[in-house]
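Let's take a friendly walk through this model, starting at a pocket and moving on to backbone angles and aromatic rings. Please keep the structure open as you read.

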Amino acid sequence: MKNINTIKYLLMIFLNLVSLCSAQDYRFTYNYKSIPDTLRKDSVINEEMVLDVDPDKSLFFSLRKFISDSTMAEDAKKGLMTMPDQNIHTRYIIKKNYSDSKVSLTTDEFSTAYKFVIADERKLNWKLLPQKEIISGYECQKAELIFGGRIWSAWFTETIPFHDGPYKFRDLPGLIVKIEDSKGYHSFQLKEVKKTISSEIYNNIDVGKNIRNLTFSEFIKFYKDFRKDPSKDFRQRAMSGEIYYESDEKRSEHMRIVEKLRKDRIKRDNNIIEIDMIK
């Protein structure tokens with residue numbers, strides 16, 4: 001009986017492998033669990049994140065953001081103006097090019113006028129470990145990495161032959177099924193694998209706003225300045241008259257509200273995934 005079960009398991013892996021290799025585009029859905037505020041460790045956020053893979057690249061993004069952006073794009077075609085989903089927590093999109101191994105992060109989180117595209121050329125120095133475990137139905141091997149000021153433990157499977165994973169993680173001998181930092185503040189675990197259909201493809205990653213390209217070192221400087229004064233961009237636009245107000249009093253009142261909201265948000269967001277960026 002044990003031999004029969006082993007044969008069935010190996011056959012399942014073989015069929016899975018053939019299916020994935022013959023497919024062009026795949027979607028891997030992860031649950032992303034994070035604790036953004038170390039002063040409120042019981043405030044856990046769970047998000048559905050997506051890794052879309054095609055022969056040339058992968059895109060990693062929040063499913064909620066994708067739905068919001070797609071809705072706004074469709075409404076715009078009809079002449080309607082729809083506001084973004086205010087419950088989106090993760091606003092970045094990470095693109096990995098397979099031909100040249102370039103990684104970039106695109107976000108509109110820091111400006112109402114620009115999208116930032118941040119290139120990240122850092123290498124990932126994985127340490128492969130002998131431990132193996134079945135996770136989400138896949139036989140996985142363990143690996144460790146120091147990245148972004150955190151120690152990460154990853155479990156990857158060669159059953160799914162993509163050298164990729166959630167966030168910026170990549171370059172292991174198979175897909176990352178699970179990865180978490182040593183303190184349990186950030187973790188990703190694979191939930192679903194399926195073929196991508198055309199309506200699910202992220203087509204508007206590079207449209208909608210002006211693009212500002214930054215190197216990773218340039219972005220770190222910008223990000224530290226942003227956390228000190230998160231309303232700077234908005235304040236400049238309001239004072240220049242780019243944003244219309246009925247009176248100076250209305251402008252001043254709105255600026256105070258925006259500044260308080262943004263500073264409160266920064267204060268609660270003290271446990272970012274790449275924690276060394278704010279140290």
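## The second largest pocket

The second largest pocket holds about 300 Å³ of space. A pocket here is an open set of points on a 1 Å grid over the protein atoms alone, where a 1.4 Å probe fits and protein lies on both sides within 12 Å along at least five of seven lines; lining residues have an atom within 4 Å of a point. Points are joined across faces, edges and corners, and the volume is the space filled by probe spheres set on them. This is a predicted model, in which local features need pLDDT of at least 70 and side-chain atom pairs pLDDT 80 or more, while totals for chains, interfaces and linings use all residues. Residues are numbered from 1 along each chain as its sequence is written, and side-chain values use heavy atoms, without hydrogens or water.

Which residues lie nearest the centre of this pocket? They are Arg212, Phe222, Lys232, Asp233 and Gln236, out of a lining of 14 residues. Strand 6 (114–120), helix 3 (216–228) and helix 4 (232–240) each give at least two residues to the lining, and helix 4 has the largest share, with four. Helices (H or I, at least four residues) and strands (E, at least two) are DSSP runs, numbered from the N terminus. By class, the lining has six nonpolar, two polar and six charged residues; Ala, Val, Leu, Ile, Met, Phe, Trp, Tyr, Cys and Pro count as nonpolar, Asp, Glu, Lys and Arg as charged, and the others, Gly among them, as polar.

## Two positive phi angles

Most residues other than glycine have a negative phi. Ser101, however, has a positive phi near 65°, and this serine sits in the loop between strand 4 (93–97) and strand 5 (103–107). Tyr167 also has a positive phi, of about 50°, and belongs to the loop between strand 9 (150–157) and strand 10 (175–181).

Are these residues buried or exposed? Ser101 is partly exposed, with a relative accessible area of 45%, whereas Tyr167 is buried at 4%. Buried means under 20% relative accessible area, exposed over 50%, and partly exposed in between (1.4 Å probe, protein chains only).

## Aromatic rings

The count of aromatic pairs comes to 19. Rings of Phe, Tyr and Trp (its six-membered ring) pair if their centres lie within 6.5 Å; planes under 30 degrees apart are stacked, over 60 edge-to-face and the rest tilted. Phe110 and Phe116 are edge-to-face because their planes stand at 75°, with the ring centres 6.3 Å apart. Phe110 is buried, with a relative accessible area of 7%, and Phe116 is buried at 2%.

Phe110 also makes an edge-to-face pair with Tyr223, at 5.7 Å centre to centre and 75° between the planes. Phe110 lies in the loop between strand 5 and strand 6 and Tyr223 in helix 3, so this pair ties together parts 113 residues apart in sequence. Elsewhere, Tyr92, Trp126, Phe147, Trp152, Tyr167 and Phe169 form one aromatic cluster.

## Charges over rings

The charged end of Arg122 sits over the ring of Phe216, 3.9 Å from its centre. Arg212 places its charged end over the ring of Tyr114, 5.3 Å from the centre. The rule asks for NZ of Lys or CZ of Arg within 6 Å of the ring centre and within 35 degrees of the ring normal.

## The whole protein

The protein has five helices and twelve strands, and 42% of its 279 residues count as buried. Among contacts (heavy atoms within 4.5 Å) between residues at least 6 apart in sequence, 58% join residues at least 24 apart.
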